[in-house]
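Hi there,

Here is the structure I promised to pass on.

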Amino acid sequence: MSLKDSLSKVLIIDFGSQFTQLIARRVRELGVYSEIISHKKIKSKLDKKKIRGIILSGGPLNVYQSKKVKFDKKIFKYNIPILGICFGHQIISKELGGRVKKARYREFGLAKLKRLRKSKLTKNFFKKSGSNNVWMSHADEVTKLANGFKVIAKTETSKFSIVENSSKKFYGIQFHPEVTHTENGKIILKNFIFSICSIKRNWSLKNQKQILIKNVKQVVGKSKVICALSGGVDSSVVAKLIHNAVGKQLTCIFVNTGLLRKNEETQVVKTFKNKFKINLIYVDAKKLFLNKLKNVSEPENKRKIIGNLFIKIFERYAKKIKNVKYLAQGTLYPDIIESKSVTGSQTSKIKSHHNVGGLPKNMKLKLVEPLRLLFKDEVRKLGLELKLSKEIVLRHPFPGPGLAIRIPGEITENKIKILQEADDIFINSLRQHNLYSKIWQAYAALLPVKTVGVMGDNRTYEYMCLLRAITSEDGMTADFFNFSKEFMQLVSNKIINNINGINRVVYDITSKPPSTIELE
């Protein structure tokens, strides 16, 4: 039996909210397994056997846009507790006989929620004052309750902010308890899961490690497995997990593109080949990648060249290993959640995915993806359970194309060396000042701009180094980290005094949106 089929779960029905994955993560943080399914898939994929609770997410749609919203009302007859959040709250009211209209006053941001009566859902949620600050994001509102529902709490402009039908165990809340801005928001989810759905804790990475190892053994049997090892968190955890399961049946292929961080290839070989004794094929392809990227400046072309060349090299070395049946990949749960727009509109393509790219189907290998039901933070915890070092497991995200997308314009060997040194100084400074763990992602970039400087009595004309450090929960939205002036001066001085080729350091204070985290 697979991990997916063996656990009682909370099912999250996604209507396109930017916070849907956050809901699933919050449930898992409480020790209960959760899964996400698109609202379009309810009829075809809903298996009631292990579902103990259902959460309806928020979303960008209006409940009165009936052509765009697919909702199977049968779930109300399953005798399973349901919690609707924002749009989910509105659709419960609409489908059960209430009324939803465009709000006279929209609510975005913090609002003061006032308790009107007690509820299982809000036990220990409100402060002694009987009110909490909650995070709102809606332009529609419930204007008439469905039969059997009572009002639990309201805001100044939303009189049905929490509603319930306690006999049927249906609950609707207009705000978002999953975001950190809502005071005690996690208590709402905790009450729903444990008091209302009566689910027992069944999810911890300590227990899942053994289950995942057992699953890999069952799937792979005595067959051989290959894995593309990059040294990043996901591929490192996959490699260690599969090695724990099948030992010498695994061979990892590590392609050094020459676009890695300083000394990264040495660390990968030392960790996986020397320490863990994993079969590792090391491919030094620095010159190949540099030649292919010569005179290439356009970001998408860079990504495609790097991705295609990586695949060719990986294929070449994979064919040298006889009788391989499986290809291991570090696919995570967010990668497999349906990504098409729930509104039916086309989403504009900003840039190719950071990862190097999917490996070709014509390799005719079966996939083994042991992390496919885990979120990034869960993969990190699993890595620690597998005894991988904190330096590997807790390192910041690093894009598949590597330093190529942190050097806008043409890439040269000299630029790569300059950037590796600058990035190394920045990251080591963060660690020395206990700042690294407070930041989601930090890096140095080398801008294609030279400026005049003065060093001693000499005029210089050298590159500009950009530093970026952001805080985020999932990388979807991000804000810049606010360093002290003293720290920024220290790092700037270190970079300029120790690296020939840089005479100016700038700090990127742009949030995401409007910018992206990486430059290209």
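A word on terms before the findings: a residue is called buried when its relative accessible area is under 20%, exposed when that area is over 50%, and partly exposed in between. Please also keep in mind that this is a predicted model.

With that scale in hand, take glutamate 413. Its relative accessible area is 46%, so glutamate 413 is partly exposed. This residue forms a salt bridge with lysine 417, and the closest N and O atoms lie 3.8 Å apart. Both partners sit in helix 14, and because they are four residues apart there, about one helical turn separates them.

Salt bridges that share partners also turn up: they join Arg26, Glu29 and Lys186 into one network.

In general, side chains of opposite charge can pair when their charged atoms come close.

- Glutamate 95 and lysine 73 meet through their side chains in a salt bridge, at 4.0 Å from N to O. This pair links distant parts of the chain, 22 residues apart: glutamate 95 belongs to helix 4 (residues 87–95), while lysine 73 lies in the loop between strand 3 (51–56) and strand 4 (82–85). With a relative accessibility of 45%, lysine 73 counts as partly exposed.
- Arginine 395 pairs with glutamate 264 in a salt bridge whose closest N and O atoms are 3.4 Å apart.

Now to the helix packing. At what angle do helix 6 and helix 7 pack? Helix 6 (residues 205–220) and helix 7 (residues 233–246) pack at about 65°, and their axes are 9 Å apart. That makes the two helices roughly perpendicular. The crossing of helix 6 past helix 7 is right-handed.

On the helix 6 side, the contact is made by Lys209, Leu212, Ile213, Val216, Lys217 and Val220. Helix 7 contributes Leu241, Ile242, Asn244, Ala245 and Val246. By type, the residues of this contact between helix 6 and helix 7 divide into eight nonpolar, one polar and two charged.

Best wishes

Key
Residues numbered from 1 in each chain as written. Predicted model: local features only at pLDDT ≥ 70, side-chain atom pairs only at ≥ 80, totals over all residues. Heavy atoms only, no water. Axes fitted to C-alpha atoms, helices over the stretch in contact; angles between N-to-C directions. Parallel < 35°, antiparallel > 145°, perpendicular 65-115°, else oblique. Left-handed = near helix turned anticlockwise from the far one by under 90°. Contact = heavy atoms within 4.5 Å. Nonpolar A, V, L, I, M, F, W, Y, C, P; charged D, E, K, R; others polar. Buried < 20%, exposed > 50% of the residue type's maximum accessible area, 1.4 Å probe, protein only.
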